[in-house]
Amino acid sequence: MSFCSFFGGEVFQNHFEPGIYVCAKCGYELFSSRSKYAHSSPWPAFTETIHADSVVKRPEHNRSEALKVSCGKCGNGLGHEFLNDGPKPGQSRFIFSSSLKFVPKGKETSASQGH
């Protein structure tokens, strides 16, 4: 899988409804809409994960400011974490493409079945 490919019309870029974002492949809980913020990139941006093991991070070759990010449960490639590029000083920015699925608030139990 190519990380952060932009195909246009990214559905979650300007999506701010309450809920959670899960891995599109296995349904594991990754991010809360509370940690999502508006950003100039075409992908959704988050500041933190739901669980400590929501994602696995690996160094990105030739990019010391970025880490490759995969689902902590199934290993599906999700995108990148850009270090010290968040909305506040010292925060990182997670950005992802089509590897996410949104689960509206109140419907979280169906996403949790992916655990």
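**Close-up 1. Burial of E81 in the predicted model.** E81 is buried, at a relative accessible area of 5%; buried denotes under 20% relative accessible area, exposed over 50%, and partly exposed the range in between, for a 1.4 Å probe and protein chains only. K57 is partly exposed, with a relative accessible area of 41%. The model is predicted, so local features need pLDDT of at least 70 and side-chain atom pairs count only at pLDDT 80 or more, whereas totals for chains, interfaces and linings use all residues. Residues are numbered from 1 along each chain as its sequence is written, and side-chain values use heavy atoms, with hydrogens and water left out.

**Close-up 2. The salt bridge between K57 and E81.** The side chains of these two residues form a salt bridge at 2.8 Å, N to O (a side-chain nitrogen of Lys or Arg within 4 Å of a carboxyl oxygen of Asp or Glu). Because K57 belongs to strand β5 (residues 55–60) and E81 to strand β7 (residues 77–82), the pair ties together parts 24 residues apart in sequence. Strands are DSSP runs of E, at least two residues long, numbered from the N terminus. A search of the whole structure finds 1 salt bridge.

**Close-up 3. The open sheet β2-β1-β9.** This sheet has 3 strands in that order, with antiparallel pairing; two strands pair if DSSP finds at least two bridges between them. Strands β2 (29–32) and β9 (100–104) are the edge strands, each pairing on one side only. The twist averages 30° from one strand to the next, with axes fitted as lines to C-alpha atoms and angles running from 0 to 180 degrees between N-to-C directions.

**Close-up 4. Pairing of β1 with β2.** Strand β1 (residues 19–23) pairs with β2 in the antiparallel sense over 3 bridges. Y21 stands opposite F31 in β2.

Notes. Helices (H or I, at least four residues) and strands (E, at least two) are DSSP runs, numbered from the N terminus.
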